[in-house]
Amino acid sequence: MNPEPVHTDIAVVGAGPAGLSAAVAAAVAGASVTVIDAYSQPGGQYFRQPNPAVDPDPQEPRPRAGRELRHKAEAAGVRFLNRTVVWGAFEDLRLAAYREDTAQAIELQADAIILAPGTYERVAAFPGWTLPGVITTGAAQTLLKEQRLLPGQRIILAGTGPLQLVTAAALVKAGAQVVAVLEGASPGEAILRQPGQTLAAVWGQSTRLKEGWQSWRTLKKAGVPYHRGWGIIAAEGKDSLQAVRIARLDRQWRPIPGTERRLEADTLCLNYGFTPATELAQLFGVQLHWRPAQGGFVPRRDEQMQTNVPGLFIVGDGAGVGGAELAMVEGQIAGLAAARQVLGDSTLTRRIEALQPALRREQRFQQFYARLFTPGPGLDELAAGDTPICRCEGVSKATIVQTIHAGADTMHAVKAVTRCGMGNCQGRVCGPLVAAILAQETGQSPERVGQFRARTPIFPVPLTAFTVLTTEGAESAESRN
Ligand SMILES: Cc1cc2nc3c(=O)[nH]c(=O)nc-3n(C[C@H](O)[C@H](O)[C@H](O)COP(=O)(O)OP(=O)(O)OC[C@H]3O[C@@H](n4cnc5c(N)ncnc54)[C@H](O)[C@@H]3O)c2cc1C
């Protein structure tokens with residue numbers, strides 16, 4: 001069965017702040033727009049909506065703002081395909097998707113595509129990191145925001161960046177006992193070293209500063225210790241997490257001998273930044289370049305967010321980690337630029353230009369933020385030989401190191417020999433960990449090491465999802481694999 005592809009002027013993948021903003025801008029300009037998202041409700045990470053069965057009328061500002069944006073999109077005629085995962089990308093701007101609730105295979109063909117797929121959380125591998133009870137900070141936030149559930153009773157958060165702070169404050173407000181928050185970086189030092197740049201970067205960022213300040217005050221009032229320059233070195237427990245070992249870190253994020261302490265906890269939340277989701281970009285043949293301050297490999301784009309593939313735009317955190325505000329400005333620019341291209345409406349140029357000051361302001365903040373919260377190399381040295389690196393396929397650090405020493409000196413070779421990255425997560429979790437080991441063991445730069453190549457299907461889908469592929473689609477999928 002090869003039904004005709006559904007045609008839309010502009011297809012947007014991802015209904016987070018970037019995708020929703022792009023969709024509204026393009027639809028208001030007159031284009032027909034279809035937004036596809038794997039989640040059950042539009043909003044992405046930032047505007048994540050609670051489960052309606054748990055909280056049908058959430059009053060927090062973010063879900064409300066997300067709903068308003070969605071209503072604007074609906075009023076402008078945007079069509080939403082929720083619970084629909086895009087698993088393949090083919091020539092002539094075609095997408096293969098699978099709708100989970102109706103078990104429907106969909107092929108979408110568009111005159112322009114805007115990818116807004118967001119990021120994955122970066123974790124660290126250390127002894128005990130795969131114990132039940134060790135989760136990502138984003139997972140804790142999702143449980144709380146979506147299901148109104150606490151991940152545990154005694155919680156420690158560790159990593160870097162303001163997500164630790166805001167999540168810890170939200171957990172405290174929801175009644176959890178937060179044992180400690182460990183921030184690996186020492187942001188105060190960087191701020192004091194460059195006061196002028198700090199001022200320029202935070203100018204116009206009052207909402208963010210207020211949110212940070214309120215979270216900080218919540219933790220202070222609850223007596224939660226917030227340790228800067230501290231990190232996890234191991235997690236302990238028999239069947240699940242019982243305690244964590246922590247230490248003060250030097251500037252390279254290496255534990256300082258003699259500072260080690262043990263804290264009891266049943267939940268450890270980790271977040272060491274984010275990695276942009278570039279799989280669909282890779283399948284389309286987009287050129288990527290190495291930008292560690294933006295999360296790793298990111299697509300090359302022009303000023304209107306268009307890639308080297310004509311008609312393909314990429315916006316938001318999936319194009320480089322920059323936060324929700326930057327994602328929304330980029331989304332608007334790409335939405336207008338795609339609509340201008342599809343509709344041939346040059347009057348949209350002025351509106352694109354009017355967004356440039358906001359774009360520059362948010363980019364300045366992104367650069368400042370990256371300087372404060374980038375993990376040092378010590379983070380990648382915590383794993384012991386028997387520490388699992390690829391948890392889907394059960395591959396330890398020692399196996400990876402032996403494989404590299406036996407001659408596998410590329411990501412592809414390590415994957416082929418060990419099966420690292422071939423499991424359910426397709427390397428989204430272990431990819432950065434394997435890349436760091438490969439760089440350490442071979443002396444290659446992270447840029448040269450690269451990342452696992454994306455392959456179709458980028459997410460596990462039932463075989464029925466493939467029934468949508470035309471012969472050409474199947475051939476181009478095969479030739480890419
Ligand atoms: C776990 C997590 C927690 C965060 N918490 C905070 C916070 O508390 N405060 C804060 O200021 N910032 C937070 N951020 C950062 C902020 O959410 C992002 O900067 C912002 O959401 C970026 O918007 P975006 O539209 O680029 O991506 P996202 O909001 O991540 O949206 C991406 C969307 O794309 C969809 N998608 C991706 N791939 C596919 C596919 N193949 N098929 C179908 N759909 C797909 C996803 O389902 C998702 O809805 C968080 C980020 C993450 C990842």
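The structure is a predicted model.

Helix α1, comprising residues 17-28, is in contact with two other helices, considered here in turn. With helix α2 (residues 61-75), the axes approach within 9 Å and cross at roughly 30°. Because angles under 35 degrees count as roughly parallel, α1 is roughly parallel to α2. The crossing of these two helices is left-handed. On the α1 side, the contact is formed by L20, S21 and V24, which meet G66, L69, R70, K72 and A73 of α2. By residue class, this contact consists of 4 nonpolar, 2 polar and 2 charged residues.

In contrast to the left-handed crossing with α2, α1 passes α9 in a right-handed crossing. The residues contributed by α1 are P17, A18, S21, A22, A25 and A26. Their counterparts in α9 are A324, A327, M328, G331, Q332, G335, L336 and A339. This contact comprises 10 nonpolar and 4 polar residues, with no charged residue. S21 takes part in the contact with α2 and also in that with α9.

A18, already noted in the contact of α1 with α9, places a polar backbone atom 2.9 Å from an oxygen atom of the ligand. At V86, a polar backbone atom is 2.9 Å from a nitrogen atom of the ligand, and at A38 the corresponding distance from a ligand nitrogen to a polar backbone atom is 3.1 Å.

Most residues other than glycine have a negative phi, and most peptide bonds are trans. D92, although not a glycine, has a positive phi of about 60°. This residue is located in the loop between strands β4 (84-90) and β5 (94-99). The peptide bond joining T456 and P457 is cis, with omega about -5°. P457 belongs to the loop that connects α15 (446-449) and α16 (471-480).

Terms used
Residues numbered from 1 in each chain as written. Predicted model: local features only at pLDDT ≥ 70, side-chain atom pairs only at ≥ 80, totals over all residues. Heavy atoms only, no water. Axes fitted to C-alpha atoms, helices over the stretch in contact; angles between N-to-C directions. Helix = DSSP H or I, 4+ residues; strand = E, 2+ residues; numbered from the N terminus. Parallel < 35°, antiparallel > 145°, perpendicular 65-115°, else oblique. Left-handed = near helix turned anticlockwise from the far one by under 90°. Contact = heavy atoms within 4.5 Å. Nonpolar A, V, L, I, M, F, W, Y, C, P; charged D, E, K, R; others polar. Polar contact = N/O pair within 3.5 Å; in protein donor to acceptor, adjacent residues only side chain to side chain.
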